[in-house]
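The points below are intended to be read alongside the sequence and the model.

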Amino acid sequence: TTYCVDWLYLYDKYKCRFQIGGGDQLGNIDSGHDLLRRTRTQTAYGILVPLITAETGDKYGKSAGNAVWLNPRKTSPYELYQFFMRLTDTEAVKFLRLFTFAEQTELDNLIEAQMKSPERRVAQKRLARDVTLLVHGERGLSLAQNATEILFGGSRADETLHRLDEEELRLIFGDAGFAQLAPEPGLTVLDMAMKARLFPSEEDAVRIISAGGFYINQRRVNAPSHVIVPGVHVLPNNLTLARVGKKNYYLIKWIS
């Protein structure tokens with residue numbers, strides 16, 4: 001009923017005679033179409049599009065709890081990029097045809113390469129690149145790729161971190177904790193961690209760092225007494241990326 005009234009309102013206010021929705025909205029669109037025909041004697045048109053579904057058959061969308069948004073405040077460029085990188089091979093091949101503008105010959109080559117060497121994830125990489133570029137432009141794609149390099153690039157993470165400026169790094173780690181510290185001669189890893197409030201207590205800090213659960217610029221640091229060295233622990237942009245455990249990131253800005 002609400003859907004019908006919505007369409008009626010849109011017609012009265014904006015002369016809207018077209019509604020588009022997923023294939024599962026046939027009943028709602030048909031009811032709205034009928035209401036307009038009976039009450040406004042207007043011809044209206046409903047357009048249905050196939051649902052985008054996962055390999056399991058479940059649909060993607062807000063009601064299913066797995067929506068992917070175009071708005072970067074809801075789904076960041078990195079999250080959009082990773083959504084496509086995590087697709088199964090079957091989903092990636094299907095979505096290549098739906099979401100890229102590749103010519104048929106190129107599509108055939110991509111699919112063949114995917115089938116021959118699925119571990120290379122050719123289809124996922126192409127999808128992630130093309131869709132992120134389409135939605136968020138060159139800058140969004142660059143941020144997504146840099147974030148991927150930092151988080152999953154292994155030895156390449158250090159190189160990526162060293163070439164990013166402060167704005168780029170803060171955009172990538174927008175949800176990370178943030179602290180400002182003044183450099184001091186002889187400042188140790190433990191000193192830095194406690195001053196930046198990365199641990200609830202010094203005892204926890206020593207235990208976790210010594211056990212190998214602490215990282216500076218994506219490199220494990222397991223000696224609380226190590227002295228902080230510019231160029232090693234401090235990036236050229238005067239930031240340090242610290243991580244506690246697997247997912248707890250912090251940005252530390254060094255100020256004079």
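1. The structure contains 14 salt bridges. The model is a predicted one, and the points that follow should be read accordingly. Side chains of opposite charge can pair when their charged atoms come close.

2. Within helix α2, R38 and D34 are four residues apart, so about one helical turn separates them. These two residues form a salt bridge in which the closest N and O atoms are 2.9 Å apart. D34 is partly exposed, because its relative accessibility is 26%.

3. A salt bridge also joins the side chains of E112 and K116, at 3.2 Å from N to O. Both residues belong to helix α5, which spans residues 104-116, and they lie four residues apart, about one turn of the helix. Is K116 buried or exposed? With a relative accessible area of 63%, K116 is exposed, whereas E112, at 41%, is partly exposed.

4. The side chains of E166 and K253 form a salt bridge of 3.2 Å, N to O. This pair connects distant parts of the chain, 87 residues apart: E166 sits in helix α8 (residues 166-172) and K253 in strand β7 (residues 248-254). E166 has a relative accessible area of 22% and is partly exposed; K253, at 21%, is partly exposed.

5. A nonpolar surface patch of about 460 Å² is formed by F18, I20, Y45, I47 and V49. Strands β1 (18-22) and β2 (45-49) are the elements that each contribute two or more residues to the patch. The most is given by β2, with three residues. Y45 is located in strand β2 and counts as partly exposed because its relative accessibility is 39%.

6. Helix α4 (residues 89-99) packs with helix α6 (residues 122-152) at an angle of about 40 degrees, and their axes are 9 Å apart. The helix α4 is therefore oblique to α6. Their crossing is left-handed.

7. Two backbone positions deserve attention. Most residues other than glycine have a negative phi. T41, although not a glycine, has a positive phi of about 45 degrees; T41 lies in the loop between α2 and β2 and is exposed at 67% relative accessibility. N238 likewise has a positive phi, near 65 degrees. N238 is placed in the loop between β5 (219-220) and β6 (239-244) and is partly exposed, with 42% relative accessibility.

Key:
Residues are numbered from 1 along each chain as its sequence is written. This is a predicted model: local features need pLDDT of at least 70, side-chain atom pairs count only at pLDDT 80 or more; totals for chains, interfaces and linings use all residues. Side-chain values use heavy atoms; hydrogens and water are left out. Patches are made of residues with over 30% relative accessible area and no salt bridge: like charges are joined within 9 Å, nonpolar side chains (Val, Leu, Ile, Met, Phe, Trp, Tyr) within 5 Å. Accessible areas come from the Shrake-Rupley method with a 1.4 Å probe; for residues, only the protein chains shown count as cover. A salt bridge is a side-chain nitrogen of Lys or Arg within 4 Å of a carboxyl oxygen of Asp or Glu. Buried means under 20% relative accessible area, exposed over 50%, partly exposed in between (1.4 Å probe, protein chains only). Axes are lines fitted to C-alpha atoms, for helices over the stretch in contact, and angles run from 0 to 180 degrees between N-to-C directions. Angles under 35 degrees count as roughly parallel, over 145 as roughly antiparallel, 65 to 115 as roughly perpendicular and the rest as oblique. A crossing is left-handed if the near helix is turned anticlockwise from the far one by less than a right angle, and right-handed if clockwise.
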